Amino acid sequence: MPPKKKDEDSKKKDEEPKLSEVNFKSKDPQTLYHLLFSKEENILWRSCDALYNYSLVGEPNKTELLSMGTVKAAIPHLLSADAATRRSSVMLVNSLSQLEESRAEIREEEVVAALINLLKPEEGVMTHEHATKCLLTIADQYTTKSVILENGGVELLVQLITDPDPLVQQNTLETIELLAVDSQCRIALNEANVVTSLLEALNCEYPAIQLLVLKVTYSVCQEECVRTSVKDVNGLEALLKMLTNEEVTDLHEGIVQVVGVCMLDTEQLDAMKDSGCLLTLANYATSTEPQGQLNALRAISTCSGKPENCQILHDNEIETTIMTVLGGEHAGVLAQACLTVSTMVANPLVKETFTKIGVIQALMKLIGHEDQTVQEMSTLSLANLSLNSKVVCLDIIQDEHVTQLVEVLEESTSPRILSYLATVVFNIVKFETLREQLVSLNVMQSLSACLTNPDTDVCIAACKALAALVADSSAREELLKTNALGSLVSILKESSNKEVLRKAAWTIGISVANEEMAKELNKNGALQVLMDMCTNDIQGVSNLAVVALEKLLHYDLAAKYWHMGTLSQTDVVKDGFYDTGAHKPGDDFKPIKLLLDRKVDNKRAVLYVSSIGADPEPADMKSEASTTGSTTNVKTGRGTAKGKKPHKAEEKKEEVPEPEPPKEQKDTGKPRVDSSLREYIEEATSAVGPLPTQAEQIAALSVYVSNQMGGPVTSIAALSYDLHIAQIKADLKTNVIPIGFIKRGIFYHRALLFKVLADRVGVPASLVRGEYNRAWNEVTLVEGGKSKHYLVDLMWEPGQLLEVGSHGAGVYKKL
């Protein structure tokens with residue numbers, strides 16, 4: 001900053017005898033402090049002056065003076081009738097105000113009012129300089145701003161913008177900049193004609209002041225009334241004229257910032273079009289000077305956020321200007337041009353024009369640019385362009401650079417790039433015809449990797465894209481090859497972000513489109529985490545978790561029966577179903593592989609359904625089936641022996657060509673196939689299916705199931721089913737028992753077998769779990785035009801139907 005220039009009047013007002021001339025040479029701050037209470041003006045201003053010089057030595061001196069109470073003692077002299085005293089006291093107060101500890105006293109309303117009073121034109125330059133500097137240190141507080149407004153400080157500050165002294169100008173402008181943060185202050189500044197003063201100050205000879213003027217102008221122009229004032233005095237024309245002046249290129253950035261914020265007003269922008277200022281700005285954007293291009297593009301981008309403004313820019317073919325810039329090489333300019341595109345394409349006409357003139361191809365090249373900011377802004381533009389536009393999506397998917405999109409998605413580490421590209425994928429796959437082509441480019445693997453990104457925007461965008469993709473069967477096949485489902489479950493377990501949880505739960509709900517997807521999710525613990533989420537109180541998350549859980553259970557009846565304890569008549573039990581027992585608090589659903597790997601224990605056996613294929617049975621199991629089992633005539637309910645007389649194991653081996661299993665059985669990692677169940681299905685299908693009425697089918701099937709499980713029971717203890725089950729577990733060396741292996745079963749064994757056979761035969765029946773090893777089947781019969789619900793007796797009087805809600809049904813369900 002150059003030295004200050006004082007006018008003649010100021011010199012006269014500030015001229016006072018120097019301290020040395022009056023032999024006032026005390027260096028003791030205590031003595032000088034006590035002199036502040038003198039009633040003689042000559043002593044007062046000299047003591048203030050001496051204390052001021054003492055404070056300039058360093059911060060320790062300031063701290064010492066502050067501890068003595070110097071600020072409080074000097075403040076009253078700000079209102080002195082003597083100009084020299086006012087000057088010296090404000091210098092001292094300003095010097096001490098540089099310490100944060102002193103500002104509480106200086107912010108007092110009467111002190112601020114006194115400082116404002118020192119801004120009047122009759123005060124000298126030194127007084128103005130220190131008063132404005134002191135106000136600057138405290139003007140960041142709202143209370144100080146209010147006092148300045150109430151005491152006419154804004155008008156006085158505006159007058160000092162054009163003060164010939166550069167230090168006064170600097171302090172004044174910086175103080176106004178702090179005031180301009182508040183809307184009420186901006187309005188007051190406008191009423192004080194701040195625009196005229198700022199434009200006048202822009203012509204000063206000091207570049208630092210000029211830059212500060214532009215900065216303040218930008219701040220105050222955030223208020224609409226100030227922008228109107230700029231228009232009224234033709235301020236934009238003056239500013240844009242400076243853009244053609246090569247001698248002030250260091251001001252161009254600030255000028256364009258001011259122009260950009262003024263262009264927010266549609267009337268202002270329209271006036272610029274008519275006056276040719278908009279053309280000047282467009283030409284500036286295509287100049288060869290990168291900083292100039294940047295500034296012009298920023299101005300265009302700033303104003304294009306309003307639809308009306310965007311229309312004016314479109315009418316002036318600004319899209320062509322931006323396309324020209326996209327062909328350049330400067331990274332900063334390219335990034336700003338891409339950002340401008342992303343802002344403007346909210347206007348459908350602009351989007352259409354950009355598409356026609358080849359912006360998609362230009363942006364697709366830039367997503368592989370070496371500069372990360374260019375990549376980020378180009379991918380943002382593609383995300384906005386492709387939103388709800390099949391034409392744009394077709395351009396992206398058919399362009400020769402589309403493979404680069406997937407490559408960048410796979411290789412980039414920038415969260416912005418990943419989230420924007422995932423959004424582009426989402427926008428594309430919303431159009432069904434484009435999904436398959438995108439899936440073929442291995443996009444599933446890239447999106448799956450995005451799910452583990454710690455950035456929430458990346459996770460959300462990836463979830464949305466995956467949810468849209470899995471509507472396609474080929475995409476689901478590809479999804480199973482990735483770890484996406486496991487990552488989605490991990491998100492539900494670990495994330496605390498509500499929106500991430502919502503999108504992950506939503507994606508899981510859509511992904512459960514077949515049994516294979518359900519099993520993969522359950523393998524990763526989806527069932528338990530969704531159950532937990534269903535009971536939480538996170539608004540919008542628990543509802544999506546309920547939907548996902550219902551779909552998951554629909555495709556995994558084993559999990560559904562474990563969790564809900566019931567299977568409806570429409571739930572068809574297929575091979576692979578298993579019953580682990582009732583759901584207990586704190587327990588989770590175990591996959592069959594884990595259950596198979598467990599050692600044999602005395603816990604409840606896991607019942608398994610498997611009838612396709614043939615695994616060898618243990619010899620002792622075959623022997624028991626041949627000696628104690630029987631085949632039931634489903635029409636009469638009477639049992640008949642499998643042969644004319646029981647056969648020994650070795651005789652059976654000659655009749656049935658099945659290999660004898662080895663004594664030490666190998667673990668195959670899957671349950672045994674149940675050949676007995678296969679026989680049951682064949683017999684029930686051929687005999688029960690042809691019966692004329694549903695009631696007859698239910699009765700016959702009930703008797704059949706009962707006979708396969710030991711027949712009617714008078715005493716559960718006499719059945720010795722527990723010893724029988726324990727023997728099977730020991731023979732199979734596993735807790736998982738195929739249902740057909742059980743020849744002496746109670747309620748829950750028989751109910752499961754009945755459900756399995758009923759589903760194969762086509763008899764609608766439910767399966768309901770009760771307490772204490774109870775389970776039963778319920779059927780519906782139409783009698784007299786009304787539907788009645790019955791419980792099927794498989795234990796005491798097989799074939800008997802007990803009306804639901806009756807005493808007999810209640811007894812059957814309980815001990």
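Here is the tour, one selection at a time.

This is a predicted model, so local features need pLDDT of at least 70 and side-chain atom pairs count only at pLDDT 80 or more, while totals for chains, interfaces and linings use all residues. Residues are numbered from 1 along each chain as its sequence is written, and side-chain values use heavy atoms, with hydrogens and water left out.

**Stop 1: α3.** Select residues 41–55, which form helix α3. Helices here are DSSP runs of H or I, at least four residues, and strands are runs of E, at least two, numbered from the N terminus. The expected span is 1.5 Å times one less than the number of residues; for the 15 residues of α3 that gives 21 Å, and the end C-alpha atoms agree because they are 21 Å apart. Now colour the buried residues (under 20% relative accessible area, 1.4 Å probe, protein chains only): among them are Trp-45, Arg-46, Asp-49 and Tyr-52. The buried residues of α3 pack against α2, α4, α5, α6 and α9.

**Stop 2: α8.** Move to 109–117, where Val-111, Val-112, Ala-114, Leu-115 and Ile-116 are buried. Their packing partners include α6, α9 and α10 (142–150).

**Stop 3: α22.** Next, take 307–315: Asn-309, Cys-310, Ile-312, Leu-313 and His-314 are buried in α22. Their cover includes α21 (290–303) and α23 (318–326). After the helix, click Glu-317, whose phi is positive, near 55 degrees.

**Stop 4: the core.** Which residues have the most contacts inside the largest nonpolar core? Ile-396 and Val-425 do, in a core of 262 residues. Such a core is a set of buried Ala, Val, Leu, Ile, Met, Phe, Trp, Tyr and Cys residues joined through side-chain atoms within 4.5 Å. Show what Val-425 touches (contact means heavy atoms within 4.5 Å): leaving out residues up to four places away in sequence, the list includes Leu-405, Val-443 and Leu-469.

**Stop 5: the sheet.** Select β2, β3 and β6, an open sheet in the order β2-β3-β6 with mixed pairing. The edge strands, β2 (578–579) and β6 (736–738), each pair on one side only. Strands pair if DSSP finds at least two bridges between them; two bridges join β2 to β3, and these run antiparallel. Asp-579 stands opposite Leu-607 in β3.

**Last stop: Lys-729.** Find Lys-729 in helix α47 (721–732). Lys-729 is buried yet has no salt bridge, meaning a side-chain nitrogen of Lys or Arg within 4 Å of a carboxyl oxygen of Asp or Glu. The nearest side chain of opposite charge, Asp-601, is 4.3 Å away.

Technical notes:
Buried < 20%, exposed > 50% of the residue type's maximum accessible area, 1.4 Å probe, protein only. Lys, Arg positive; Asp, Glu negative; His and termini not counted.
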